[in-house]
Amino acid sequence: MHLQQNVSLKAYNTFGIDVSAEYFLELGDAALLEEIANDAVLSKQVRALGGGSNILLSKAVKGLVVHNALKGVHLEKEDSEHVWLRVEAGEIWHELVMYAISNGWAGIENLALIPGTVGAAPIQNIGAYGVEAKETIESVNAWHWNEKIFVSYANVECKFGYRDSIFKTSLKDKVFISSVIFKLNKKPVFHTSYGPILQELEKMKVTELSIKAIAEAVIAIRSSKLPDPKKIGNAGSFFKNPAISEAHFEMLQTNYPDIPCYPFSETMVKVPAGWLIEKCGWKGYRKDDMGVHEKQALVLVNYGHAKGDEIWALSGEIMESVKERFGISLEREVQVW
Ligand code: EPU
């Protein structure tokens, strides 16, 4: 096992925060998980790191950080309508999307260009443009640190919700996701109803709908709104879109007739946090090296040397102002270490 000590995590998180990990391991072989579990020092505190695109590193990380570098895509089985793919957790999500499209396998095209790894997709049930990862995840394979065995979690056991799963709650830090089984469609069902997709397809002069065209539209929209982490440090949406009661929403509508919403449940609606944050005047805000993205207020950014605890404090200020103005408590989407 090639164990390293005091390794800077700057290159391993898309926020570009420079803190170190006490121990660091690049995991290319799942068999090493058992070795770690049997090591008295290393097994005390282990954290899994994928693409580092949904974390805020607020301080130096104690214990072991395992960077998931498990690679491989295997066609497990197929029938006339579906394929089942086993994808190792360290594969890059967007590369999987492109691979599926090149084979004509549908289901994840709306999730093009989401940063991060395949192993992270089930943790927060990544979603965009009307589609969530849970719709194509058949099961998740993970190493259980206490049981010291690999366990397969069927879709229903993963308890998927909006940006949520059992891997964020009762199994948090208890398992290490090693691979994910996806069930993709040979016959596509197109999802084009979300906001700007149809407009973008028209702009692209697409006459015949295809999964490739949808992915291209999604890529164009995302690239126009969301900062490229290679240029400006960020972790995508920093907050979840909050769900509020219909009654609360109607009350807000009297003062803010243009407030957008999406249906959520029979009694609740979801309101875009980006809209709320923008209305509080934060969009484009900058203090030293940190700020709120000028094109999407849901995204906090690091222009260079911002510290994780400073970004954390800024997110708290934003939450307070949204609470004060709209009576809505925002929840952070990023995982804070
Ligand atoms: N809006 C504003 N101001 C802003 C940002 C948004 O007024 O600064 C308004 C927009 O005009 C629009 C509405 O809010 O009416 C929704 O905006 P958008 O379509 O950009 O989506 P979002 O709700 O802000 C969510 C996801 C994104 C995902 C998009 C598209 C969450 C937390 N975020 O954002 O996911 O790409 O929908 O499906 O649910 C991520 O999770 O990291 C992420 C980027």
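Trainee: How many bridges join strand 2 to strand 5, and do these strands run parallel or antiparallel?

Mentor: As a general idea, the strands of a sheet pair through backbone hydrogen bonds, in either a parallel or an antiparallel way. In this structure, which is a predicted model, strand 2 (residues 20-27) and strand 5 (residues 61-68) run parallel and are joined by six bridges.

Trainee: In which sense do strand 1 and strand 2 pair?

Mentor: Strand 1 and strand 2 pair in the antiparallel sense, over five bridges, and one place to look is Ser8, which has Ser20 in strand 2 as its bridge partner.

Trainee: What is the order of the strands in this open sheet of four, and which are its edge strands?

Mentor: The order is 1-2-5-3, and the pairing is mixed. At the edges are strand 1 (3-8) and strand 3 (46-49), each of which pairs on one side only. From one strand to the next, the twist averages 40 degrees.

Trainee: What is the order of the open sheet of five strands?

Mentor: That sheet runs in the order 6-7-12-10-11, with antiparallel pairing. Its edge strands, strand 6 (73-78) and strand 11 (149-154), each pair on one side only, while the twist averages 20 degrees from one strand to the next. Within this sheet, strand 7 (residues 82-88) and strand 12 (residues 175-185) run antiparallel and are joined by seven bridges; among the residues to look at is Leu85, whose bridge partner in strand 12 is Phe182.

Trainee: Turning to the ligand, which residues around it come nearest?

Mentor: The ligand has 24 residues around it, and of these Tyr129, Tyr162, Glu278, Gln296 and Ala297 come nearest. By class, the shell is made up of eleven nonpolar, six polar and seven charged residues.

Trainee: Why does the ligand lie between domain 2 and domain 3?

Mentor: The reading follows from where the shell residues come from: domain 2 (73-185) and domain 3 (233-336) both give residues to the shell around the ligand, so the ligand lies between them.

Trainee: What lies 2.6 Å from an oxygen atom of the ligand?

Mentor: A backbone N or O atom of Tyr129 lies at that distance. Side chains also take part in this picture: an N or O atom in the side chain of Asn241 is 2.8 Å from an oxygen atom of the ligand, and for an N or O atom in the side chain of Glu333 the distance to a ligand oxygen atom is 3.0 Å.

Trainee: How much of the area that the ligand exposes when taken alone does the protein bury?

Mentor: Taken alone, the ligand exposes 820 Å², and the protein buries 83% of that.

Notes:
Residues are numbered from 1 along each chain as its sequence is written. This is a predicted model: local features need pLDDT of at least 70, side-chain atom pairs count only at pLDDT 80 or more; totals for chains, interfaces and linings use all residues. Side-chain values use heavy atoms; hydrogens and water are left out. A residue is near a molecule or strand if one of its heavy atoms lies within 4 Å of it. A polar contact is a pair of N or O atoms within 3.5 Å; within protein, one must be able to donate a hydrogen and the other to accept it, and residues adjacent in sequence count only if both atoms are side-chain atoms. Accessible areas come from the Shrake-Rupley method with a 1.4 Å probe; for residues, only the protein chains shown count as cover. Ala, Val, Leu, Ile, Met, Phe, Trp, Tyr, Cys and Pro count as nonpolar, Asp, Glu, Lys and Arg as charged, and the others, Gly among them, as polar. Domain bounds come from an automatic or database domain assignment. Two strands pair if DSSP finds at least two bridges between them. Helices (H or I, at least four residues) and strands (E, at least two) are DSSP runs, numbered from the N terminus. Axes are lines fitted to C-alpha atoms, for helices over the stretch in contact, and angles run from 0 to 180 degrees between N-to-C directions.
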